[in-house]
Amino acid sequence: MSESYRILVARLYHESNRLNPEATGEARFLVERGHEILRSPSGVFKGLTGTLAAADAVIEPVFSAGAPPSGLVDHVFYLRLREELLDAVRSMKPDAIGLELHGAMGTTATPDAEGDLLQALRHLVGPDIPIGIGLDLHAHVTGRMLDNTDICIACKENPHSDTVECGQRVAEFLIAQLEGRLNPVTVSAFVPMTLPGAQETASGPLAEIHAKAREYATCNFSIKDISIFNSFRFVDNDEMGQVVTILSDGRDSGTPTLAVDLAKRFWTERDRFKDDFLTVDESFELVQNSPEKRPFVIADMGDRVLAGAPGDSTILLSAALDHYPRTRGALTITDPTAAARAGEAGVGASVTLPVGAGYTPGFRPRTISGRVEHVSDGEFVLDGPFHGGEHSSMGQTAVVLVDERIHVLLTSKPAYSHDPAAYTSQGVALESLDFVVAKSGYHFTLNFAGRATPVLANTPGVGYYSKGQFKYSKSRFWPEHEIPVPEIVARQHSVCASQNPVSKVSA
Ligand SMILES: [Zn+2]
């Protein structure tokens, strides 16, 4: 019976963009501990803990540590969290471990923090304690992560509308494994390519690959999960690419073939993974010429905070001020110095100050003049549905109204502008505007649904991949490099990897 199972749970969530020059230290993380973290969890963690509770497992919560996507995590801080988790395992001696990890966390010392963490956990508990993790599908999943987990699965949708279900499945698989109803075996297939575009799962080539995966899972009763990882593009190590994993109950001689088949579809379809963005001017012309669709929400693809960019671009601000004098809008710019200056000046004061471009190489600050209309500590709660109900912090924030028409939110930390509450919490009413800017490429469409018309703008920055823009020293992948037709093979992953190294399986 599951009542007696003691399951240790924790959450460590960060998507690390190595192109962002600012390291992410402890101050950027929200770290909560103990039973507190079960009170209002969201996403994978909610599904995981809710399902364990419903199964009468005894949940032993350790910590929930998460920060918005940003630069590489300070390694010393990561090591402290790792030791805290290992200490908790030593003292609690759980029957199983369930984690929510992002899967694309890198530190200032290692590009594969999750692999390091899971290897340390496995080394401590040995092969007999199940370890199950639920990941973002943009995980940079590595052989080390797969070798050191029993259950390693991702959510399936981008934008991520199914994270709770992902956590539920991790919990169900852990319980089934503990009860002897599941013998999880994972095979994976890797393709050395990234997706230059077309990353949404509801349409285009990704939708077709997911449909084929569902068909395979339906027709093969041993298959419990097929996860398709669209590797985060802003890491640099030798395992950068698309990964398909199949989790089956016991070894299944058919799954290597299916994993390879799905992986090969990426390569075959690679030329279709393109985005169809508007230029900055096309975006504003659409805003001007389609009043019936206002307000618009313009995705600043290059400065996507949700991909770890700093949020300090002034490109859209300058375009709106210089070329579209009739548009009314709002946008966020990360600039702690300007936020402090405007805050000190106080509500009602007139200010002239340079803003933005403090982090991203090549960006230029913009001088604005306007009236401070709101000052706050920048704390707010996301409307959702993506991460709905979660607390978020922009740090000290000041809103400057420029030209009586553009609300510039100067924030001390990168803002989660993919959610309308970033604006409404600062007194900015969306319905009075022609546009707002979201520094997000996908999830903003969930959170602004019904409230604004989405537009994807092709802007520069470290939040969007374009060939040749950055130097990759370890990674070799299409389209950045000339890649001959790759040999795509299935690999079988074993929790006893140290005794039984990852084996290639011919498909
Ligand atoms: Zn993601």
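**View 1. No salt bridges link domain 1 and domain 2.** Across the interface of domain 1 and domain 2, the rule finds zero salt bridges. Keep in mind as you look around that this is a predicted model. What classes of residue make up the side of domain 1 that touches domain 2? This side has eight nonpolar, nine polar and six charged residues.

**View 2. Polar contacts do join domain 1 and domain 2.** How many residue pairs are in polar contact between domain 1 and domain 2? The count is four, with both residues of each pair at pLDDT 80 or more.

**View 3. Domain 1 and domain 2 bury area between them.** The buried area comes to about 1700 Å². Carbon and sulfur atoms account for 56% of this area.

**View 4. The protein is divided into domain 1 and domain 2.** If you are tracing the chain, domain 1 takes in 2–273 + 487–505, while domain 2 covers 280–457. Domain 1 brings 23 residues to the contact, and domain 2 brings 19 residues.

**View 5. Stepping back, the protein holds both helices and strands.** Along its principal axes, the C-alpha trace spans about 70 × 50 × 40 Å.

Notes
Residues numbered from 1 in each chain as written. Predicted model: local features only at pLDDT ≥ 70, side-chain atom pairs only at ≥ 80, totals over all residues. Heavy atoms only, no water. Domains from an automatic or database assignment. Contact = heavy atoms within 4.5 Å. Buried area = accessible area lost by both parts, 1.4 Å probe. Salt bridge = Lys/Arg side-chain N within 4 Å of Asp/Glu carboxyl O. Polar contact = N/O pair within 3.5 Å; in protein donor to acceptor, adjacent residues only side chain to side chain. Nonpolar A, V, L, I, M, F, W, Y, C, P; charged D, E, K, R; others polar. Helix = DSSP H or I, 4+ residues; strand = E, 2+ residues; numbered from the N terminus.
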